[in-house]
Amino acid sequence: MADLRPDPACEPESVFPREVGLFADSYSEKSRFCFCGHVLSITQNFGSRLGVAARVWEAALSLCNYFESQNVDFRGKKVIELGAGTGIVGILAALQGGDVTITDLPLALEQIQGNVQANVPAGGRAQVRALSWGIDQHVFPGDYDLVLGADIVYQEPTFPLLLGTLQHLCGPHGTIYLASKMREEHRTESFFQHLLPQHFQLELAQRDEDENVNIYRASRWPYPCLERLSGEVWPCRHAVGLWPHQCACRLPCVAVWVMSLLRSLRLYLAAQTRNCPVRGLGPDTVLPSLQAGALLFQSLQPWHTFHAGPWLSSSVSSKELLMKLRRKTGYSFVNCKKALETCGGDLKQAESWLHEQAQKEGWSKAAKLHGRKTKEGLIGLLQEGSTTVLVEVNCETDFVSRNLKFQQLVQQVALGTILHCQSLKSQLSTYSKGFLNSSELSELPAGPEREGCLKDQLALAIGKLGENMILKRAAWVKVPAGFYVGSYVHGATHSPSLHNLVLGKYGALVICETSEQTANLEDLGRRLGQHVVGMAPLSVGSLDDEPGGEAETKMLSQPYLLDPSITLGQYVQPQGVSVVDFVRFECGEGEEAAEAE
């Protein structure tokens, strides 16, 4: 049997859209990011020999967000970024007043240099240099105040090379900031849990559960005789088990020896299961051994604080409630714990309290961020039976538009719009079409499972993601029998929790009337939608109109996107359908026009 599948080279995706080389083997893409009051324009060269260095990774954006939220001071600091890729982290540090050296392998330097020139004013302190870990770090000075790295811990054979480089570059009073996606398959955690703590004081500065990104802050130990292994402080190897003496760093090891003794005592107490009396509480007073151990530790901590963990301070049922609330709401453990404490352990009240607090915070952030430009975002398309909706939700950066919480907001807006459309009475003889502007969209109910309006869900999303967002617009179409709605979303991704919601940057609906049973309506509707997105017509026109050129705005007179030798009308006529109307959305198109004015 002959293979009836179309030639991939002739597929619409291989030629659409013409003006942006999205389907080429190699292409460049510019993205805008806002941090610390600076708008960064970063070019990413995809599909080239750069590999993982081509794109801006989530860890880099998390690190930039951290610098902004924590007001990290770069002024007058000597800074170096390792494995920079696009250079976004080092560029932000330079704009914040740092004297920055941005490094990577030689093949990535051209991309970094281009981004530096596009963002750092002339005279700004940002230089770009090649650095191969474990090979040429010694040509760099060893007194940097800040050493930065984003998503550079992912190849286990490079771990010792990276560690040696960090040891050389970090000054005596320097600080290292490393943001990393915690990839189990790459053993990323082992670098931070076992290797790095042997040589640096390490703390987890921030954890992003949604992106699985950790930000670590490290600094040199004040004394060479101390090492941190698996979260515990230990004395130097030659001092373990010995009586007080002077070690190589001339730190009296009395404290070190006592610390080792206390650790052994803690392990002993943790292993006890029986009850034990506690002196000072009366002859008849008995506490569980773990509680007694906690009291004993409080009396044995004159210079070092032990953190016994939640198992000393909360019951199993409390932990189960905490985990249940965390899974149900998605809020942080700290906030969930506070909610349970505030509501006396009542799970339902704690959930309501969390939503109320998040909404208050969201409205507050929304007021602060109001007026900031929202040129990025997503188009959402949802079809249910004879009803189809197209919605647009905008945000400030492409990074947030890829976040699951933002996509869930688009999903809620699409569901709210389709419920609104289905509640309207419509004629049964022909199709009906309507539009909702931003204010009308904001007042729609959030849906049967959520309280309040869509504007309340918007405030929650702003509070969680920290960017200005707007519910831009929506369009809906309802059709009776004899009509069909073709649809297309460019760059489509399907919503993870609602299979018939499609997300992308361009979207189109094409309303067709068919008087007879037409085969392959879905494929035909998709091709018509592609034409509308790619050619951007302003009206439908008529089959009697003269064929036009590239500048033609009447849909049926335009050259057919997939075969410019014929018009779209000539393509549609033999298909047994009539095109009667269409809707086209392009993400951010209104913002660009307003900026031009």
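This is a predicted model: local features need pLDDT of at least 70, side-chain atom pairs count only at pLDDT 80 or more; totals for chains, interfaces and linings use all residues.
Trainee: Which strands stand at the edges of the open sheet?

Mentor: The sheet has three strands in the order 18-21-24, with antiparallel pairing; two strands pair if DSSP finds at least two bridges between them.

Trainee: What angle does the direction of helix 15 make with that of strand 18?

Mentor: Axes are lines fitted to C-alpha atoms, for helices over the stretch in contact, and angles run from 0 to 180 degrees between N-to-C directions. The twist of the sheet averages 15 degrees from one strand to the next. Helix 15 (residues 521-535) packs on the sheet and touches strand 18, strand 21 and strand 24, contact meaning heavy atoms within 4.5 Å. The angle with strand 18 is about 55 degrees.

Trainee: Are helix 12 and helix 14 roughly parallel or roughly antiparallel?

Mentor: The axes of helix 12 (residues 404-422) and helix 14 (residues 454-465) come within 10 Å and cross at roughly 175 degrees. Angles under 35 degrees count as roughly parallel, over 145 as roughly antiparallel, 65 to 115 as roughly perpendicular and the rest as oblique. The two helices are therefore roughly antiparallel.

Trainee: Which residues of helix 14 meet helix 12?

Mentor: From helix 12 come K405, F406, L409, Q412 and V413. The residues of this contact divide into seven nonpolar, two polar and two charged; Ala, Val, Leu, Ile, Met, Phe, Trp, Tyr, Cys and Pro count as nonpolar, Asp, Glu, Lys and Arg as charged, and the others, Gly among them, as polar. On the helix 14 side they are L454, Q457, L458, A461, K464 and L465.

Trainee: Why does the F192 and Y216 pair count as stacked, and how far apart in sequence are the parts that the pair ties together?

Mentor: Rings of Phe, Tyr and Trp (its six-membered ring) pair if their centres lie within 6.5 Å; planes under 30 degrees apart count as stacked, over 60 as edge-to-face and the rest as tilted. Nine aromatic pairs are found in the whole structure. The ring centres of F192 and Y216 are 4.1 Å apart and the planes are at 10 degrees, so the pair is stacked. F192 lies in helix 5 (residues 188-195) and Y216 in strand 9 (residues 213-220), so the separation is 24 residues.

Trainee: What is the relative accessible area of A108?

Mentor: A108 sits in the loop between strand 4 (99-104) and helix 3 (109-119), with its C-alpha 9.5 Å from that of G51, 57 residues apart in sequence. A108 is buried, meaning under 20% relative accessible area, where exposed is over 50% and partly exposed is in between (1.4 Å probe, protein chains only). Its value is 0%.

Methods
Residues are numbered from 1 along each chain as its sequence is written. Side-chain values use heavy atoms; hydrogens and water are left out. Helices (H or I, at least four residues) and strands (E, at least two) are DSSP runs, numbered from the N terminus.
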